[in-house]
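Please look over the chain below.

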Amino acid sequence: MSLNKSLIERDLAVLWHPCTQMKDHESLPLIPIKRGYGSYLEDFDGNKYLDAISSWWVNLFGHSNPYINSKLIEQVQNLEHVLLAGFSHENAIRLAERLIKIAPKNLTKVFYADNGSSGIEVALKMSFHFHKNRGEIKPLFISLENSYHGETMGALSVGDVSLYKEVYNEIIIKSIQTPVPKDQRLESIYEPLQKLKELLEKHKNNVSAIILEPIVQCAGSMHMYNSEYIKEVKKLTEEYKIHLIFDEVATGFGRTGKMFASEYAEVSPDFMVLSKGLTGGYLPLSAVLLTDDIYREFYCDYGSGKSFLHSHSYTGNPLACAVANASLDIFENENILEIIQPKIKLLTELLEKFKNLKNVYNVRQTGLIGAIELKNYKLEDRIGLKVYKYGLEHGVLLRPLGNIIYFMPPLSISESEIHEMVQVGFDAISSLNK
Ligand SMILES: Cc1ncc(COP(=O)(O)O)c(C=O)c1O
């Protein structure tokens, strides 16, 4: 038996994979990966796959990046982990200093957690606790329709993708969803803003925060909306004295063409949650950036009930902080935010031809994220699965979200790889018309 086959057998005997109906693997082969380099993953039979989705939107500078590897090795030889309560280490400090420097202004403190969802939990709990410290109980959060903030109970509660949430409706915490602008045009922000105002008026004394993914709702079908909406939401949060939480777990670190998506709106939130690209795609880590105002509300004598006694064992893990710093070095040393501009332009040009395909409903793009929405397919057609299989057979890892075929490659992707990625996506969608 080949190594590939035996790994698949051993895997299916013991593993339950994330976001997967395991029965699918009766007909859909698993792909054990032997190594990764640059934009590619390679399996045990020597097949290469261009990672067009950055392995769930985490990878920024290619797999097994030599510079990041070297910084990881350097760190592991000195310190693999130390608790962050009562102790500290240089990479955690340096990373926090650098994040504060590049983040929207007014974010002056960093609280680490270890994945996107747990970062969201921190922001939600802290926001609620802040108001409680001030003598106000505000149990509600407002989020956008079609939003996604992760899978832990709090994060799931403020999300709105029914595929992940509905089954848990009886046990999740209460939250309210408000309409998201339906497309990228400025005109589409006004109605949702009016709805939000009405909601705030109705619930004004009970809302702790509004949470949103700035300009791109990634897991929500790569839905994109106008940044002006965020500016107006900011004004409303000030007017109603509630917090604004930006979830930049997926959109942070250059994906949208700027370091953070919120830069398009030039708005500073009360909390900003970062993860995924934070470590260049290497290790789990999240960072919650927050204002001094929030920090000071918790700064008091121990035992007052006002302390934020939240922790994760691996909070601020030194290896994760080291690779996050290495990733920021690359941004600085290689002028990444400029280098990606021609790649974004190329993607725009190449996406044009999708508009002529008869099964394409809509094509949209923000930075290096491109999405093609197909029309006239039902959920049970499992059109995404067909595209996924086609991609693999032709050497590109595409992982559609239902009827949405999208590209979110590493920022380090080359122009020729962009051509390859888009062509396979195009052929996959065209093949559905045959
Ligand atoms: C916007 C957003 N927030 C939060 C999360 C949750 O992050 P994690 O999967 O690391 O828990 C995700 C994951 O896809 C996300 O896209």
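## Report on the predicted model

Ser-54 is buried because 25 other C-beta atoms lie within 10 Å. The cut-offs are as follows: buried means 20 or more other C-beta atoms within 10 Å of the residue's own, exposed means 12 or fewer, and partly exposed is in between, with C-beta atoms placed from the backbone. Ser-54 is found in helix H2. Its phi is near 50°, a positive value in a residue other than glycine.

This is a predicted model: local features need pLDDT of at least 70, side-chain atom pairs count only at pLDDT 80 or more, and totals for chains, interfaces and linings use all residues. Residues are numbered from 1 along each chain as its sequence is written. Helices (H or I, at least four residues) and strands (E, at least two) are DSSP runs, numbered from the N terminus.

Ser-221 is found in the loop between strand E8 (216–217) and strand E9 (223–224).

| Residue | Other C-beta atoms within 10 Å | Class |
|---|---|---|
| Ser-54 | 25 C-beta atoms | buried |
| Ser-221 | 19 C-beta atoms | partly exposed |

Glu-26 sits in the loop between helix H1 (3–14) and strand E1 (33–37). Leu-12 is 14 residues away from Glu-26 along the chain, and their C-alpha atoms are separated by 9.8 Å.

Ser-143 belongs to strand E5. Leaving out residues up to four places away in sequence, Ser-143 touches Val-158, Asp-160, Ser-175, Gln-177, Ile-211 and Leu-212. Such a contact requires C-beta atoms, placed from the backbone, within 7 Å. Gly-402 is 259 residues from Ser-143 in sequence, and the two are 22 Å apart in space, C-alpha to C-alpha.

### The seven-stranded sheet

Seven strands form an open sheet with mixed pairing, in the order E4-E12-E11-E10-E7-E5-E6. Two strands pair if DSSP finds at least two bridges between them. Strand E4 (107–113) and strand E6 (176–178) are the edge strands, and each pairs on one side only. On average, neighbouring strands of this sheet are turned by 25° against each other, direction ignored.

What is the sense of the pairing between E11 and E12? Strand E11 (residues 271–274) and strand E12 (residues 286–291) pair in the antiparallel sense, over four bridges. Phe-271 stands opposite Leu-290 in E12. Val-273 stands opposite Val-288 in E12. E4 and E12 also pair in the antiparallel sense, over six bridges. Here Ala-113 stands opposite Ser-286 in E12. E12 is mostly covered, with five of its six residues buried.

### The ligand shell

How many residues surround the ligand? There are 14, and the closest are Gly-116, Ser-117, Gly-150, Val-249 and Ala-250. A residue is near the molecule if its C-beta atom, placed from the backbone, lies within 6 Å of it. H5 gives the most to this shell, with three residues. By class, the shell has six nonpolar, six polar and two charged residues. Ala, Val, Leu, Ile, Met, Phe, Trp, Tyr, Cys and Pro count as nonpolar; Asp, Glu, Lys and Arg count as charged; the others, Gly among them, are polar.

### Two domains

The domain assignment gives domain 1 (31–64 + 335–431) and domain 2 (70–333). Such bounds come from an automatic or database domain assignment. The C-alpha centres of domain 1 and domain 2 lie 27 Å apart. Their contact takes 23 residues from domain 1 and 23 residues from domain 2.

On the domain 1 side, helix H2 (54–57), helix H12 (336–351), strand E13 (360–366), strand E14 (369–374) and strand E16 (404–407) each supply at least two residues. H12 provides the largest share of that side, four residues. By class, the side of domain 1 that touches domain 2 has 16 nonpolar, six polar and one charged residues.

Key: Axes fitted to C-alpha atoms, helices over the stretch in contact; angles between N-to-C directions. Contact = placed C-beta atoms within 7 Å.
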